[in-house]
Amino acid sequence: MKIGEKIKRIRLHRHMKQRELGELVGFTDGAANRIAQYESGFRVPKEDMVKKIAAALQVEELSLIHI
């Protein structure tokens, strides 16, 4: 499973909207759009963003990047 799919699965499990997650990791304008790009695989988050996303989702960073 790719990182975007994992982000989406965990986000939905936490009952979060894309906009909420985007705001928690520091995106202001287009927060939902950037998260949607990660989840669809259009973009891949860099290491520092993976850390922020993991913290916002309350999971270990390895759970997002582990194959």
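Helices (H or I, at least four residues) and strands (E, at least two) are taken here as DSSP runs, numbered from the N terminus. The structure is a predicted model, in which local features need pLDDT of at least 70 and side-chain atom pairs count only at pLDDT 80 or more, while totals for chains, interfaces and linings use all residues. Residues are numbered from 1 along each chain as its sequence is written, and side-chain values use heavy atoms, with hydrogens and water left out.

Most residues other than glycine have a negative phi. In the loop between α1 (3-13) and α2 (18-24), however, lies H15, whose phi is positive, near 60°. This residue is exposed, with a relative accessible area of 72%, where exposed means over 50% relative accessible area, buried under 20% and partly exposed in between (1.4 Å probe, protein chains only). A positive phi of about 60° is also found at Q58, which is not a glycine; Q58 sits in the loop between α4 (47-57) and α5 (61-65) and, at 63% relative accessibility, counts as exposed.

The structure holds one aromatic pair, a term used for rings of Phe, Tyr and Trp (its six-membered ring) whose centres lie within 6.5 Å, with planes under 30 degrees apart counted as stacked, over 60 as edge-to-face and the rest as tilted. The ring centres of F27 and Y38 are 6.5 Å apart and their planes stand at 50°, so the pair is tilted. Distant parts of the chain are linked by this pair, since F27 belongs to the loop between α2 and α3 (31-40) and Y38 to helix α3, 11 residues apart. Both F27 and Y38 are buried.
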